[in-house]
Amino acid sequence: MVEIIREAYTDHIIEKNLEYRRKDDHESGFVFPWKDGKVQLNPISEKNYKWCQEHPEEVECLGVVEQENWHRVPALARCECGNEFYLSGNYYGCTPCSKCGKWYAMSGYEVKPPDQWEEDMEEE
Ligand SMILES: [Zn+2]
């Protein structure tokens, strides 16, 4: 049994983007991440951003658009071996400890490694 250090929770993130839309094709355009009151650019997006500013006849600025995202954060657990890891349940709801390789269910109970699951079913 692992010790649950922190229960799983859902993180709520609001992403902000500065959006430009093509005037001749409303389905396409440009989106630039917006943070701390200014646009965040890398060398590639900087080119696009400049292009948008220089071509108001082609694109329309929609301003800063907020987008809500939910992100599931798995429980943080401490294994008997002392290793801390996330009970992400990536394998049929089970997760191995990244250090000692013991397998745990989402609730924190130790389970047999998946290569022994089939044998169990045959015995029943
Ligand atoms: Zn472990």
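Where is Asp36 found? Asp36 sits in the loop between strand 3 (29-35) and strand 4 (38-39). This is a predicted model: local features need pLDDT of at least 70, side-chain atom pairs count only at pLDDT 80 or more, and totals for chains, interfaces and linings use all residues. Residues are numbered from 1 along each chain as its sequence is written.

**View 1. Asp36 has a positive phi near 50°.** Asp36 is not a glycine. Most residues other than glycine have a negative phi. Asp36 counts as exposed because it has 6 C-beta neighbours inside 10 Å. (A residue is buried if 20 or more other C-beta atoms lie within 10 Å of its own, exposed if 12 or fewer, partly exposed in between; C-beta atoms are placed from the backbone.) Strands (E, at least two residues) and helices (H or I, at least four) are DSSP runs, numbered from the N terminus.

**View 2. Tyr92 has a positive phi of about 50°.** Tyr92 is not a glycine either. Its place is the loop between strand 7 (84-87) and strand 8 (94-96). Tyr92 has 10 C-beta neighbours inside 10 Å, so it counts as exposed.

**View 3. Helix 1 covers residues 43-54.** From first C-alpha to last, its 12 residues reach 17 Å, close to the expected 16 Å. (The expected span is 1.5 Å times one less than the number of residues.) Helix 1 lies largely in the open because the number buried among its 12 residues is 1.

**View 4. An open sheet has 3 strands in the order 8-9-10.** The pairing is antiparallel. Strand 8 and strand 10 (110-111) are the edge strands, each pairing on one side only. (Two strands pair if DSSP finds at least two bridges between them.) Strand 9 (residues 103-105) and strand 10 share 2 bridges. Trp103 has Val111 of strand 10 as its bridge partner.
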